[in-house]
Amino acid sequence: MNGETTAPRPPPPIFVGHSSLRGVIASEITKLRTVRSTMWSFGVLVVLAVGLSALATSLTTSHWNQAGFGERFTFDPIRESLIGVFFGQFAIGVLGVLVISAEYTTGTIRASLAAVPKRFRLLLGKIIVFGVATLIIGEIVAFASFFVGQTLLHAPAPHATISSPGALRAVTGDGLYLCLLGLIALGIGGIIRHTAAAVSAYVGLLLVIPIIIALLPSTVSNDVTRFLPASIGHTVVSRIQDPHNFSPGIGLVVLAIYAAVALGVAGYLLVHRDA
Amino acid sequence: MIEVRGLTKRYGDKIAVEDLSFNAYPGVVTGFLGPNGSGKSTTMRVIMGLDHPNGGTATINGRPYHDLDWPLREVGALLEARAIHPGRTARSHLWMLAQTNQIARSRVDEVLDIVGLTEVANQLTGKFSLGMSQRLGIAASLLGDPGVLLYDEPVNGLDAEGIRWVRNLLIGLARQGRTLFVSSHLMSEMAQMADDVVVIGRGRLITQALMSDLLAGNQQSFVRVRSPGIDPLVVLLETNGARISRESDGSISVSGLTEEMVGDLAFEAGIALHELAPVNASLEEVFMELTEESVEYHGAPGGSQ
């Protein structure tokens with residue numbers, strides 16, 4: 001059982017080089033892959049987001065004849081099919097928070113930091129792995145929602161194809177939107193470190209702040225609303241742009257800046273706080 | 001080799017470790033002994049680069065932990081056995097750690113075998129007993145076959161067989177030439193394992209010494225005596241250079257004279273003895289003696305300084 005202890009230890013081998021980001025990335029992939037709840041959450045996210053889009057589009061088709069003229073005029077088949085993203089952003093936010101907060105609540109962070117004492121490198125590994133994973137999942141959700149939705153949208157309701165104007169942009173942007181929100185959540189998780197508190201902060205950002213801003217005088221709220229992730233999300237998936245909002249491209253850049261700020265603060269705190 | 005120099009760590013206003021210096025050398029088990037709350041875990045966290053010191057340095061083979069090229073191949077540690085994600089299997093836990101330092105996958109199975117967890121390698125660690133978690137933590141510490149190993153209270157929660165196993169494993173690792181730094185709040189545990197011992201209390205160094213010197217130097221012994229003629233006996237013994245302490249049960253504790261000398265003196269003076277017994281302080285009493293000034297929480301409210 002312990003051949004380890006009886007044999008004299010051979011002279012310590014000389015290791016060339018040093019540990020690197022590559023090992024951290026491999027390790028973070030294993031971490032994400034080997035916790036069943038994470039894999040379940042990703043699966044549930046895909047199924048529910050696509051399911052929600054399917055439900056919305058099939059209801060639209062079956063109720064089209066009862067819809068009023070204005071409703072028919074403003075109907076956007078692309079946005080309708082991507083509606084599931086507004087559910088998906090919560091699921092992906094919880095996952096983003098958990099990537100860091102679960103390490104603190106379970107204590108695994110001590111083992112992780114002992115293995116990777118260069119703390120910023122550890123965070124960078126998480127950002128890369130979770131960012132790529134959520135981008136892939138986000139695009140899967142977006143494309144699946146689009147194609148399932150457009151299949152269910154049929155006459156008399158109008159539908160779009162991927163080559164319709166703005167469709168490809170909306171669908172790919174939708175996946176990117178989910179990915180960036182996941183990274184914002186990862187940053188919040190790194191700053192707050194407690195799962196419940198960090199999830200609350202994230203949900204507050206998406207749901208509570210818009211309500212507060214809506215209560216402000218419209219001259220103020222019109223200028224502020226465009227900075228909200230939810231407004232950006234709407235712009236990204238919509239064919240018709242609200243003049244008060246950023247364009248989809250600028251909107252995604254604004255979200256990327258939020259993510260960079262949140263992750264930057266998380267990185268600073270990770271390096272300077274005790275684990 | 002671990003070198004700690006002038007280490008100070010505060011949490012807010014509370015001083016956890018103050019101006020602590022000691023060395024842990026290769027080839028021996030260095031015991032790190034102190035009452036609960038004396039700063040042992042804090043010191044270990046600082047050595048491992050997990051907490052930032054307010055002053056002083058802690059180095060491993062001359063370098064701060066943060067600067068090690070291959071941390072897991074140079075240092076292994078078990079700080080908290082329960083600090084594992086309960087939703088991951090033992091094998092996955094070890095594999096994700098191994099990958100960070102590019103340690104081969106085959107090594108995961110080797111260390112599982114060393115600690116005897118091969119059978120449960122694919123079970124979720126959430127179902128593990130404390131003893132199994134302890135073994136998994138030890139397996140993780142051995143992943144990189146490191147020359148420096150730190151263990152914080154490694155026998156906590158183990159049964160007698162487990163304790164013996166850990167003790168033999170750690171001693172064996174030291175005999176291979178590795179630096180073993182092992183904390184405990186139990187003197188008796190340390191006495192069976194450590195060659196060298198660092199004793200701390202309230203975050204300050206009390207002594208660093210060879211275990212054998214520590215035991216010899218602090219071995220308190222006295223002679224317990226009961227006698228119907230206790231008062232003349234006290235006078236007689238004191239004139240012969242003994243220090244006497246009267247106990248509440250009517251007996252006296254005599255130090256400075258052996259039991260033979262006490263018996264002979266009493267016989268010559270014609271004083272009857274009802275009890276004459278040498279008493280040696282236990283290891284725990286030696287430890288208590290060393291640290292009593294520095295124990296943070298006393299049981300009795302009147303006992304605090």
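Domain bounds, as used below, come from an automatic or database domain assignment. The structure is a predicted model.

**Exercise 1.** State which domains the assignment gives for chain B, and how far apart their C-alpha centres lie.

*Solution.* Step 1: the assignment divides chain B into domain 1, residues 2–210, and domain 2, residues 221–280. Step 2: between the C-alpha centres of domain 1 of chain B and domain 2 of chain B the distance is 48 Å.

**Exercise 2.** Describe the open sheet of three strands in chain B and the helix that lies across β1, β2 and β4 of chain B.

*Solution.* Step 1: the strand order is β2-β1-β4 (chain B), and the pairing is antiparallel. Step 2: β2 (14–24) and β4 (55–60) of chain B are the edge strands, each pairing on one side only. Step 3: on average, neighbouring strands of this sheet are turned by 20 degrees against each other, direction ignored. Step 4: β1 (residues 2–11) of chain B is joined to β2(B) by seven bridges in the antiparallel sense; B:Y11 has B:K14 in β2(B) as its bridge partner.

**Exercise 3.** Characterise the side of chain B that touches chain A by its elements and residue classes.

*Solution.* Step 1: counting C-beta atoms within 7 Å as a contact, 43 residues of chain B meet 34 residues of chain A. Step 2: the elements of chain B that give two or more residues to this side are α2 (71–74), α3 (90–100) and α6 (160–175). Step 3: α3(B) gives the most, with six residues. Step 4: by class, this side of chain B holds 19 nonpolar, 17 polar and seven charged residues.

Definitions and conventions
Residues are numbered from 1 along each chain as its sequence is written. Chains are lettered from A and ligands numbered from 1 in the order in which they are written. This is a predicted model: local features need pLDDT of at least 70, side-chain atom pairs count only at pLDDT 80 or more; totals for chains, interfaces and linings use all residues. Two residues are in contact if their C-beta atoms, placed from the backbone, lie within 7 Å. Helices (H or I, at least four residues) and strands (E, at least two) are DSSP runs, numbered from the N terminus. Ala, Val, Leu, Ile, Met, Phe, Trp, Tyr, Cys and Pro count as nonpolar, Asp, Glu, Lys and Arg as charged, and the others, Gly among them, as polar. Two strands pair if DSSP finds at least two bridges between them. Axes are lines fitted to C-alpha atoms, for helices over the stretch in contact, and angles run from 0 to 180 degrees between N-to-C directions.
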